[in-house]
Amino acid sequence: MSIVVNLDVMLAKRKMSSLDLANRVGITQANLSILKTGKAKAIRFSTLESICRELDCQPGDLLEFKED
Amino acid sequence: MSTELSIKITHTIVRICYFFLAISVVVFPFVYDKIGIADDIGMLWIFIPYCLVVPAGYWALLSLDRMLDNIKHEIVFDTSNTRALSHIVWACFYAAWIGIIGGIALFCVKKYFCIYFFVLAAGELFMCLICQIVKSVFQSAIELKEENDLTI
């Protein structure tokens, strides 16, 4: 996939668990897992905003473009 | 009319059709004699294609039954429904070919009455086309749903 989600890296930096983040953002752990594993097809701006607020980071810290 | 009631009525009609299809095969020779449809043709030229088409009718009815059951359980845009539609398409296609072959056979024996077979075959092919289009719509809907399910 061309867009890589570096959620694991940010969770490790902020010392937060997936479950904790999922509860704070208001999505299920299953959905967060889909995001982490790169299976997601799209992310809503509202979800991205919540994740960035909770992890205190920028969208660019989470999303990275990699040429195939 | 609510969706639930509509599905219930449709399901009941499908179940009634099972019964009538079975009855029609038994009753056909007696009806044929009573109303005397072109007596000189011979009942077999019409009865045999009819008997060959009845299994396709049951196949299509079973697929419809399965689809309605799924819809009742709120399983709408699912591969099981596209599979059922695919079965209906094949059943209609098979029935159309029986109609065409029956019509050609009847044309060789007697020049008249075969037109009804061709008209029925055309109807079956049209049904086939409609079901194929509905199946394509369902497949696109499944893809859109999957994409939506994977939108976080």
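**Figure 1. Ala40(A) in the loop between α3 and α4 of chain A.** In this predicted model, Ala40(A) occupies the loop that joins helices α3 and α4 of chain A. Ala40(A) counts as buried because its relative accessibility is 10%, and the limit for that class is under 20%. Asp68(A) stands 28 residues from Ala40(A) in sequence, and the two C-alpha atoms are 17 Å apart in space.

Figure 2. An α-helix has 3.6 residues a turn, so residues three or four places apart point the same way. After α4(A) comes Asp56(A), which has a positive phi, near 50°.

**Figure 3. Salt bridge between Lys36(A) and Asp8(A).** The two side chains meet with an N to O distance of 3.6 Å. Lys36(A) is partly exposed, at a relative accessible area of 26%. Asp8(A) is likewise partly exposed, at 45%.

**Figure 4. Salt bridges around Glu54(A) and Arg24(A).** The closest N and O atoms of Glu54(A) and Arg24(A) are 3.6 Å apart. This pair links distant parts of the chain, with Glu54(A) in helix α4 and Arg24(A) in helix α2 of chain A, 30 residues apart. Glu54(A) has a relative accessible area of 25% and is therefore partly exposed; Arg24(A), at 45%, also counts as partly exposed. A network of salt bridges connects Asp20(A), Arg24(A) and Glu54(A).

**Figure 5. Salt bridge between Arg15(B) and Asp65(B).** In chain B, the side chains of Arg15(B) and Asp65(B) meet at 3.0 Å, N to O. The pair links distant parts of the chain: Arg15(B) lies in helix α1 (residues 3-35) and Asp65(B) in helix α2 of chain B, 50 residues apart. Arg15(B) counts as partly exposed because its relative accessibility is 46%, whereas Asp65(B), at 11%, counts as buried. Over all chains, the count comes to 6 salt bridges.

**Figure 6. Asn81(B) in helix α3 of chain B.** Asn81(B) is buried, since its relative accessible area is 0%. Its side chain makes a polar contact of 2.9 Å with the side chain of Asn70(B). Leaving aside residues up to four places away in sequence, Asn81(B) touches Met67(B), Asn70(B), Ile75(B), Val76(B) and Phe138(B).

**Figure 7. Helix α4 of chain B and its packing.** This helix (residues 114-149) has 36 residues and reaches 52 Å from its first C-alpha to its last, close to the 52 Å expected at 1.5 Å a residue. Its buried residues are Cys114(B), Phe117(B), Ala121(B), Cys128(B), Cys131(B), Lys135(B), Phe138(B), Ala141(B) and Ile142(B). These buried residues pack against α2 (44-72) and α3 (79-109) of chain B. One of them, Phe138(B), is touched by Asn81(B).

**Figure 8. Thr151(B) after helix α4 of chain B.** Thr151(B) belongs to the segment that follows α4 of chain B. With a relative accessibility of 18%, Thr151(B) counts as buried. A polar atom of the Thr151(B) side chain lies 2.9 Å from the backbone oxygen of Glu147(B). Apart from residues up to four places away in sequence, Thr151(B) touches Ala42(A) and Arg44(A).

**Figure 9. The interface of chain B and chain A.** Here 5 residues of chain B are in contact with 11 residues of chain A. The two chains bury about 720 Å² between them, 64% of it on carbon and sulfur atoms. In chain B, the most area is lost to chain A by Leu150(B), Thr151(B) and Ile152(B), together 86% of what that side buries. Across this interface there are 0 salt bridges, but 5 residue pairs are in polar contact, both residues at pLDDT 80 or more. The side of chain B that touches chain A has, by class, 2 nonpolar, 2 polar and 1 charged residues.

Technical notes. Residues numbered from 1 in each chain as written. Chains lettered and ligands numbered in written order. Predicted model: local features only at pLDDT ≥ 70, side-chain atom pairs only at ≥ 80, totals over all residues. Heavy atoms only, no water. Helix = DSSP H or I, 4+ residues; strand = E, 2+ residues; numbered from the N terminus. Expected span 1.5 Å × (residues − 1). Buried < 20%, exposed > 50% of the residue type's maximum accessible area, 1.4 Å probe, protein only. Contact = heavy atoms within 4.5 Å. Buried area = accessible area lost by both parts, 1.4 Å probe. Salt bridge = Lys/Arg side-chain N within 4 Å of Asp/Glu carboxyl O. Polar contact = N/O pair within 3.5 Å; in protein donor to acceptor, adjacent residues only side chain to side chain. Nonpolar A, V, L, I, M, F, W, Y, C, P; charged D, E, K, R; others polar.
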